[in-house]
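Subject: Structure for you to look at

Hello,

Here is the structure I said I would pass on. Please open it first, then read the notes below with it on the screen.

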Amino acid sequence: MALSGRLCQQIMYAACAVIHAVMIFIFYGYGVDVMMYYNIGSVLFYAGSFIAVTAYRKRTLSLVDIALGEITVFAVAATVAVGWSCGFCLYLICCIPAPFFMPYERLHTSIFSSVVMSAAFIGTRVYVSNEKVLTHAIDNSSQAMKMYIFNSVFAMLMIIFMAVMYVVSRKVSTRMMYEKAEELRQLASIDPLTQLFNRRAMTEYIRNVHEAAEESGRSYAIVLGDIDNFKKINDNYGHSIGDEVLKRVSEAITGDIPSEGYICRWGGEEILYIIPDCREERAGIICEQIRSDVSRLKFTSKGIEFTVSM
């Protein structure tokens with residue numbers, strides 16, 4: 001499944017350990033010693049698997065493969081021991097689609113695993129059709145029915161578990177893809193140096209604001225400014241100082257732009273911003289505030305202090 005394997009495996013191993021623990025007492029009561037010992041070994045295996053998945057963060061997919069194999073062997077062995085009517089092969093039906101929920105790299109691996117379990121199901125049915133092959137046949141129909149109901153309940157719980165994990169994993173995968181897409185969108189829209197929108201993103205915002213203004217009949221302000229003599233700053237103090245100037249000027253301008261406005265690095269040292277529903281008087285006030293705040297910024301390079309203007 002797309003959902004992280006650790007939690008799913010922990011739940012699966014714990015559930016399998018509980019089922020096999022119950023089976024120990026059931027087979028003990030029926031006098032089927034071989035299956036009793038088998039289930040003791042299974043409990044130890046799943047307990048160890050649970051500890052391994054909990055303690056180690058590395059992928060333990062091989063343990064899941066072994067678990068599916070163990071369930072197949074158990075279903076076949078239990079059916080051969082006590083008969084088809086007890087319903088142990090129901091576990092095989094539950095496990096047939098399970099490989100398709102596993103993160104195999106190739107589809108044919110899942111198909112092969114499912115075919116093997118399907119063949120085991122059919123082969124077991126054919127084999128035990130002759131009741132003489134049963135090693136510990138349960139003749140009491142009431143006991144067989146109780147066993148069938150017990151196995152049916154756990155088999156249905158297995159199906160519900162896989163269905164729930166599939167739905168949850170789909171939701172987790174969708175959320176992860178959305179977050180990744182949003183991250184990529186941000187990377188494509190943000191200037192890495194100034195953390196302002198880039199020209200591509202701003203072009204889209206300008207179009208949206210313009211269309212909205214035409215529909216509403218309201219004005220908007222769009223202003224383009226650049227840092228004076230920026231080339232000289234790079235030449236005299238170096239590009240690293242030029243980058244610092246760009247970042248601090250961008251921060252100062254961002255602080256003066258209203259929350260409904262958009263600001264971008266239009267190119268080089270050019271900063272462009274657009275404010276929806278803004279008249280000329282208000283735009284002029286904001287421009288003067290920006291000019292004033294930028295002029296108060298102080299920079300130092302090699303012991304020389306300087307300021308900038310826009």
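The side chains of His-20 and Glu-70 are joined by a polar contact of 3.2 Å. Keep in mind that this is a predicted model. His-20 sits in helix H1, and with a relative accessibility of 4% it counts as buried. The cut-off for buried is under 20%. Besides Glu-70, and leaving aside neighbours within four places in sequence, the contacts of His-20 include Tyr-38, Asn-39, Ser-42, Val-43, Tyr-46 and Phe-74.

Not counting residues up to four places away in sequence, Phe-88 touches Met-23, Phe-27, Phe-74, Ala-75, Ala-78, Thr-79, Val-82, Met-147 and Asn-151. As background, nonpolar side chains tend to be buried together in soluble globular proteins.

The sheet

Next, the strands. Three of them form an open sheet in the order S1-S3-S2, and the pairing is antiparallel. S1 and S2 (262-267) are the edge strands, since each pairs on one side only. From one strand to the next, the twist averages 20°.

S1 pairs with S3 (residues 270-275) over six bridges, and within this pair Leu-224 stands opposite Leu-272. S2 and S3 pair over five bridges; here Ile-263 of S2 has Tyr-273 as its bridge partner in S3. Helix H10 packs on the sheet and touches S1 and S3, and its direction makes about 145° with that of S3.

Ala-221, Val-223 and Gly-225 make up the covered face, while Ile-222, Leu-224 and Asp-226 make up the uncovered one.

Arg-218 is in the loop between helix H7 (199-216) and strand S1 (221-226). Asp-277 is in the loop between S3 and helix H10 (280-295). The two are 59 residues apart in sequence, but their C-alpha atoms are 5.8 Å apart in space. Their side chains are joined by a polar contact of 3.2 Å. Once neighbours within four places in sequence are set aside, Arg-218 is in contact with Ala-213 and Asp-277.

Backbone angles

Most residues other than glycine have a negative phi. Asp-277 has a positive one, near 50°. Lys-302 has a positive phi too, near 55°. Lys-302 lies in the loop between strand S4 (299-301) and strand S5 (304-306), and at 79% relative accessibility this residue counts as exposed.

Cysteines

How many disulfides does the structure hold? There are zero. A disulfide would need the two sulfur atoms within 2.5 Å. Cys-86 is buried, with a relative accessible area of 0%.

Cys-264 is in no disulfide either, as the nearest cysteine sulfur, that of Cys-287, is 14 Å away. Cys-264 is buried as well, also with a relative accessible area of 0%.

If you want a place to start, find His-20 and Glu-70 and look at the contact between their side chains. Then go to Arg-218 and Asp-277 and look at the contact there.

Regards

Methods:
Residues are numbered from 1 along each chain as its sequence is written. This is a predicted model: local features need pLDDT of at least 70, side-chain atom pairs count only at pLDDT 80 or more; totals for chains, interfaces and linings use all residues. Side-chain values use heavy atoms; hydrogens and water are left out. Helices (H or I, at least four residues) and strands (E, at least two) are DSSP runs, numbered from the N terminus. Contact means heavy atoms within 4.5 Å. A polar contact is a pair of N or O atoms within 3.5 Å; within protein, one must be able to donate a hydrogen and the other to accept it, and residues adjacent in sequence count only if both atoms are side-chain atoms. Buried means under 20% relative accessible area, exposed over 50%, partly exposed in between (1.4 Å probe, protein chains only). Two strands pair if DSSP finds at least two bridges between them. Axes are lines fitted to C-alpha atoms, for helices over the stretch in contact, and angles run from 0 to 180 degrees between N-to-C directions.
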